[in-house]
Amino acid sequence: MKRAIPAVISAATALTLVLAGCGGGDEPVDPNAPVTITLAGWSLSSTPEFKTLADGFKATHPNMTVELKEYAPGNDYDTQMITDLAAGTAPDVYVMKNLKNFYTYQSGGQLLDVSDITSGLGSSPALASYQVDGKAYAVPYRQDSWVLFYNKDLFAKAKVAPPDGSWTWDDYTAAAKRLHTGLKGAGSNATGAYQHTFQSTVQGFALAQTPNADLLSGDYGYLKPYYERSLDLQAAGAQPTFGTAKTNKLTYQAQFGKQQSAMLLMGTWYVATLLNQRQSGDADKFQWGIAPAPQFDKSTTGTSATPVTFGDPTGLGINPKISKSKTAAAKAFLQYAAGPEAGKALAGIGITPAQVTDAVTATLFGLDGVPQDDLSKFAYAKHTIKPENPVSKHTAGLQNLLNETHSAILSDSKGVDAELSKAQTRAKNEVLNQ
Amino acid sequence: MTATDLSLPTPAVAAPGNRNAPRRSVQSRGWRLVGYAALVLAAAGLLLPFYWMVVASLKTNSDVFTIPITWLPDRVVWRNYLDIWQRSDMTTWLGNTLLLSVVVSLLQVVTGSFAAYGFARVRFPGRNALFLAYVGTIAVPWQSYMIPQFILMSKLQLSNTLWSIVALQAFGAFGVFLMKQFYETIPEELSESARVDGLSEFGIYRRIMLPLSRPALASLALLTFVTTWNDYLGPLIYLRSPELRTIQLGLNTFISQYNAEYALIMTGSVLSVLPVAVIFLLGQRYFIEGIATTGLKG
Amino acid sequence: MATLPRTRPRNRRLVSRNTVAGWSFILPNFVGFAVLTLLPVVVLFYVAFTNWNVFGVAEWTGTANFRRMWSDASFWTALRNTVYYTVFHIPLTLGASLGLALLLNRKLRGVRFFRTVAFFPYITSIVAIAIVWNQLFSPEYGPINALLGAVGVDNAPGWTTSSTWSMPAVIIVGTWRYMGYYMLLFLAGLQTIPAQLYEAAETDGASPWQRFVHVTLPGLRHTTFFVTVLLTIESFKVFDLILVMTGGGPGQSTLVLSQYIYQKGFEENQFGYASAVSIVLFAICFSITVIQFMVNKRRNS
């Protein structure tokens with residue numbers, strides 16, 4: 001009984017190897033022989049990035065084919081991937097949607113060491129996120145960051161000055177309130193801002209911007225001013241309440257795209273969505289722009305400084321059960337996906353790649369419907385991105401706990417202090433002591 | 001129960017058909033009207049979300065969510081019902097789900113009722129312990145043992161085939177438990193006299209128990225059908241290939257693909273409910289007008 | 001039910017013949033059941049005593065998971081919420097489904113339609129259910145609170161947006177959703193009560209209530225037992241409904257054990273600990289089931 005699990009797992013592994021038809025894998029590999037590797041993706045028909053990568057790779061490596069395996073979207077992707085990896089039926093290359101899951105896969109021994117290819121990719125914070133004990137276990141191919149989307153038409157209607165890159169959170173709050181009054185005066189039902197129900201909309205910024213804030217410290221005092229401003233905006237009616245957003249299933253796409261709200265804090269992935277929805281008619285056609293996220297204090301505002309924001313990279317890693325004859329191809333694919341060529345290809349479909357170069361910015365801002373003002377380009381290209389999830393054993397547990405704190409603070413009247421101190425007690429007794 | 005316990009159905013069985021057909025008690029018209037009014041009101045409450053689904057499926061996407069809720073579409077949009085067939089693999093999903101639901105229900109009814117007879121009517125050592133093991137597994141949450149199960153199924157080369165879902169659902173303890181409970185309502189004397197007449201245990205099961213338990217068999221089949229039809233987590237874990245998707249899995253991919261297109265999503269949901277509703281509407285005479293009228297004459 | 005072996009003298013040959021007969025009935029189902037359910041469940045019992053991240057080797061840790069659970073406040077919150085849900089869900093659903101079954105077991109015009117309608121909540125997509133009920137419960141714009149306001153309730157509850165009222169909201173929806181399911185079982189059970197019994201009672205001048213108490217309830221004994229056991233287990237295991245309605249929130253106000261197991265296992269990758277929590281959930285359900293079996297047995301004899 002004691003050995004049931006290892007026995008079951010090793011049997012499953014052996015079986016996969018047999019099924020894959022790769023008994024030894026020691027035979028010499030002909031570098032020009034045709035080889036096919038499998039890549040996990042989700043919602044393939046509406047998420048073109050996987051096909052873009054596969055096609056781009058094929059163009060430069062004619063003998064190598066990337067075959068896409070469709071997985072379920074959302075959190076179900078990880079549920080399926082975990083079961084497939086556990087049973088040894090996972091594809092050769094798979095995606096890590098965020099750093100929280102990277103830890104799961106890396107610590108579980110489900111990622112091949114790819115240090116030998118990362119040296120050629122330069123150095124970036126995203127690359128560094130995937131290093132454990134000096135070894136790299138994945139490479140980033142996307143790096144979204146959180147910015148402020150705003151509706152220029154609604155600002156004009158409410159006669160409020162649009163963002164100029166100098167905003168702190170207090171400026172943002174004041175603008176949302178002025179928008180609210182201004183829009184009401186102009187006979188519009190739109191709210192000043194929309195804060196989606198994600199915990200990131202508050203906690204991501206607080207963690208990235210507050211000096212010395214540390215998720216793993218178990219001290220969450222840094223969240224307080226950020227929550228107080230959110231509650232203030234809710235109470236003033238300048239943004240839909242958390243309860244309304246939850247019970248009425250508000251979507252940020254409709255709130256901003258249908259001009260229900262003048263401002264939206266969201267990740268840069270929304271650029272591609274907004275462009276698509278403008279074409280399909282699911283979003284109105286209005287003047288919009290991107291501004292840097294509001295800042296903690298004046299030291300990082302203005303277009304001569306570098307604003308601080310957050311975002312996890314999206315990474316690719318190799319399944320250690322890949323047959324040896326395919327490892328080289330898989331590594332070549334990772335190298336391509338994290339490199340500048342793939343970056344340009346991804347920018348062409350509105351996706352923000354791992355490294356935002358001038359060429360990438362030029363490509364993205366060349367797309368039809370993207371705003372052309374300098375502030376938008378600045379906000380898109382220049383910022384310090386801090387990871388939302390530090391790579392650690394405790395991150396998943398702490399983020400779950402803080403997600404519960406998030407809904408408790410925004411929907412109840414027990415007060416920010418009480419909920420935060422409860423979160424700190426729980427962090428100490430339930431997560432950090434494990 | 002007391003000495004005047006009426007629950008023992010023995011006398012009724014001893015004299016089937018001897019009495020006249022049941023007399024209907026005369027109800028006053030007033031009570032009947034009140035009853036209907038209550039029923040209509042209850043029906044409205046029960047149908048509300050379904051009604052909302054239908055209305056939402058007849059709206060344009062941007063009209064689905066409004067504050068406050070609108071119960072009538074401004075103008076009816078039938079397009080969604082055309083679009084969904086063009087933009088999704090609805091036919092494949094419905095086909096797969098129908099196939100699975102039918103096969104699973106059949107297997108569950110056959111093996112479940114068979115095993116239930118063993119548990120209800122044959123006495124052998126260890127029977128009660130074994131039965132408790134059956135019921136006990138219902139109490140274990142599936143999400144906690146699905147990974148060991150998945151590893152096992154992969155080893156049997158069943159994962160990513162429709163067989164995995166059949167294997168998953170067909171041998172559940174639910175059917176065994178349900179059928180055992182119903183067999184126990186059938187008087188022991190019936191099988192005793194059959195035994196005296198020289199009928200084997202299998203003969204008793206086939207000739208006596210099966211015909212008598214028709215309402216239970218029908219409800220088991222229906223409930224298994226619905227459970228399989230609506231199952232999401234099972235297909236999610238076991239099926240990967242798009243051509244194997246079931247209706248629930250397909251709808252969910254669809255939702256994420258067209259995340260803001262709630263009208264279309266609700267169109268899909270309405271279409272996924274209708275087959276089950278029709279089966280229920282047509283099939284209910286098998287479990288409502290079962291034993292009381294025909295069963296015992298056989 | 002089972003008569004004790006001693007009450008009727010049986011010889012050894014009969015016992016062995018019965019064993020063969022019994023097993024031959026059970027075997028076709030048992031093979032599938034043993035391999036696909038029993039075996040993984042046994043593995044689960046082992047995993048509960050290990051530290052397992054699903055990929056590697058499970059490391060034996062003895063009772064560490066259970067000791068951790070003892071001092072894990074979230075586990076106790078989840079357990080409390082599960083019991084809260086169960087305590088209300090069982091009687092409400094039992095009453096509603098039996099009531100529906102009695103109402104719809106008559107020969108009324110359109111009764112088939114109404115039966116189908118009663119079954120609708122169970123077959124309607126759970127996503128649609130969550131959307132509609134959340135909107136109905138919406139404190140600012142929902143019709144429920146508008147109605148409460150109209151009849152003079154000043155402080156209308158926040159329902160799913162308030163940690164006090166979210167559980168009652170979920171219980172209401174839970175009862176609404178499952179009563180059709182159990183109604184079906186009761187309807188099937190009602191068919192096994194011979195009409196003659198009702199006639200006899202009527203001839204004796206029994207009132208409708210007396211007929212219900214002395215004919216219907218005893219006749220439904222086996223069904224009621226089955227429904228109660230199933231309902232108990234299903235309530236303790238409630239998962240998807242809460243997930244789509246509230247996601248366990250606000251805060252931890254509707255966090256239940258099944259969800260906690262999923263969170264610890266699939267989100268935090270602690271399958272050993274998640275398995276241990278499942279074992280506790282199993283133990284609770286199972287003990288209640290065994291008690292129900294014993295009570296039922298005593299009542300039958």
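Reader: Strand E6 (residues 139-143) of chain A: how many of its residues are buried?
Author: 5 of the 5 residues of E6(A) are buried, so the strand is largely enclosed by the rest of the structure. Buried means that 20 or more other C-beta atoms lie within 10 Å of the residue's own; exposed means 12 or fewer, partly exposed is in between, and C-beta atoms are placed from the backbone. Strands (E, at least two residues) and helices (H or I, at least four) are DSSP runs, numbered from the N terminus. This is a predicted model, in which local features need pLDDT of at least 70 and side-chain atom pairs count only at pLDDT 80 or more, while totals for chains, interfaces and linings use all residues. Residues are numbered from 1 along each chain as its sequence is written, and chains are lettered from A and ligands numbered from 1 in the order in which they are written.

Reader: Which strand does E6(A) pair with, and in what sense?
Author: E6(A) pairs with strand E12 (residues 313-318) of chain A in the antiparallel sense, over 4 bridges; pairing requires that DSSP finds at least two bridges between the strands. Within that pair, Arg142(A) is opposite Thr314(A).

Reader: Which residues touch the most other members of the largest nonpolar core?
Author: Val139(A), Phe149(A), Phe333(A), Ala337(A) and Phe186(C), in a core of 288 residues. Such a core is a set of buried Ala, Val, Leu, Ile, Met, Phe, Trp, Tyr and Cys residues joined through C-beta atoms within 7 Å. Helix H7 (residues 166-190) of chain C gives the largest share, 17 residues. At least three residues come from each of domain 1 (4-144 + 311-355) and domain 2 (146-309 + 384-431) of chain A, with bounds from an automatic or database domain assignment.

Reader: And what does Ala337(A) touch?
Author: Leaving out residues up to four places away in sequence, Ala337(A) touches Leu53(A), Val139(A), Tyr141(A), Leu316(A) and Ala342(A). Contact here means C-beta atoms, placed from the backbone, within 7 Å.

Reader: Switching to helix H13 (residues 270-280) of chain A. What do its buried residues pack against?
Author: Strand E7 (146-151), helix H12 (252-257) and strand E9 (261-267) of chain A. The buried residues of H13(A) are Tyr270(A), Val271(A), Ala272(A), Leu274(A) and Gln277(A). Just after the helix, Gly281(A) has a positive phi of about 95°.

Reader: Chain B next. How many helices and strands?
Author: 14 helices and 0 strands. Of its 298 residues, 49% count as buried.

Reader: Where is confidence lowest in chain B, and where highest?
Author: Lowest in helix H1 (residues 10-14) of chain B, at a mean of 34, and highest in helix H4 (residues 90-121) of chain B, at 91. That is pLDDT, the predictor's confidence in each residue, from 0 to 100. The chain averages 78, and 83% of the residues score at least 70.

Reader: How many residues does chain C put into the contact with chain B?
Author: Chain C gives 79 residues and chain B gives 82. On the side of chain C, helix H1 (residues 12-47) of chain C has the largest share, 20 residues. That side divides into 52 nonpolar, 22 polar and 5 charged residues. Ala, Val, Leu, Ile, Met, Phe, Trp, Tyr, Cys and Pro count as nonpolar, Asp, Glu, Lys and Arg as charged, and the others, Gly among them, as polar.

Reader: And how many residues of chain A are in contact with chain C?
Author: 31 residues of chain A, in contact with 35 residues of chain C. H18(A) gives the most to the side of chain A, with 7 residues.

Notes. Two residues are in contact if their C-beta atoms, placed from the backbone, lie within 7 Å.
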